[in-house]
Amino acid sequence: MNCKAINTQFNPEQANKLLDDLGLTEKNNDGYRLLPDGKVLTISLAAYSGRSLTMDSAEIIKPHLGKVGIKVNISAEQQSLFVERRNSGQHQITLNNLNNGMDPISKPDHYIPVSVSNQWAPLSGSYYGSNGASGVKPSERIEKIIDLYEKASIELDDEKRIELV
């Protein structure tokens with residue numbers, strides 16, 4: 001099954017407009033946007049240090065976000081620490097490379113929050129995987145993604161399954 005990335009173009013005009021529309025118009029002397037409390041808008045990006053592609057990607061992302069006034073702190077973490085922090089919801093944003101061509105139905109933990117070992121929203125994945133006994137109840141948007149995954153995982157018609165994915 002082929003999946004393609006969307007919304008991956010760097011569009012500083014659109015990004016600046018979105019940030020301005022959120023009311024983040026004030027900047028400090030270094031050009032970073034300021035939050036309402038006067039602190040610099042900063043994103044903490046945790047990257048798995050064992051993969052050079054991941055670290056290279058983090059270094060590419062950082063100046064792009066800086067151009068629109070977002071400061072990025074990169075935390076290079078060894079695999080065990082990365083997984084521990086990811087699974088306990090301690091990361092703000094993680095970056096990990098995925099194998100191209102992975103099917104989100106047969107390997108959902110890379111795409112759909114269905115277990116604590118999920119690549120994103122691990123606490124929602126824990127909630128789903130434990131039937132609500134642990135983790136954090138998924139947002140409406142994540143619940144919709146999980147619902148589509150559940151429908152796609154039992155769909156026999158290839159075209160319908162691809163559409164759901």
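Guide: Let us begin with secondary structure. In this predicted model, the protein has 6 helices and 3 strands.

Visitor: In what order do the elements of the protein run from the N terminus on?

Guide: The order is α-β-α-β-α-β-α-α-α.

Visitor: How much of the protein do buried residues make up?

Guide: Of the 165 residues in the protein, 27% are buried.

Visitor: What share of the contacts with a separation of 6 or more comes from residues 24 or more positions apart?

Guide: Such residues account for 48% of those contacts in the protein.

Visitor: Which residues make up the largest nonpolar core?

Guide: This core has 8 residues in all: Ile 105, Ile 112, Val 114, Ala 121, Ile 142, Ile 146, Tyr 149 and Ala 152. Ile 142, one of these core residues, touches Pro 113, Trp 120, Ala 121 and Ser 124, when residues up to four places away in sequence are not counted.

Visitor: Let us turn to a single residue. Is Ser 126 buried or exposed?

Guide: Ser 126 lies in helix H4, which spans residues 122-129. A residue is called buried when its relative accessible area is under 20%. Ser 126 has a value of 13%, and is therefore buried.

Visitor: Which residues does Ser 126 touch, not counting residues up to four places away in sequence?

Guide: Ser 126 touches Ser 115, Val 116, Ser 134 and Gly 135 on that count. With Ser 134, the side chain of Ser 126 also forms a polar contact of 2.8 Å, side chain to side chain.

Methods:
Residues are numbered from 1 along each chain as its sequence is written. This is a predicted model: local features need pLDDT of at least 70, side-chain atom pairs count only at pLDDT 80 or more; totals for chains, interfaces and linings use all residues. Side-chain values use heavy atoms; hydrogens and water are left out. Helices (H or I, at least four residues) and strands (E, at least two) are DSSP runs, numbered from the N terminus. Buried means under 20% relative accessible area, exposed over 50%, partly exposed in between (1.4 Å probe, protein chains only). Contact means heavy atoms within 4.5 Å. A polar contact is a pair of N or O atoms within 3.5 Å; within protein, one must be able to donate a hydrogen and the other to accept it, and residues adjacent in sequence count only if both atoms are side-chain atoms. A nonpolar core is a set of buried Ala, Val, Leu, Ile, Met, Phe, Trp, Tyr and Cys residues joined through side-chain atoms within 4.5 Å.
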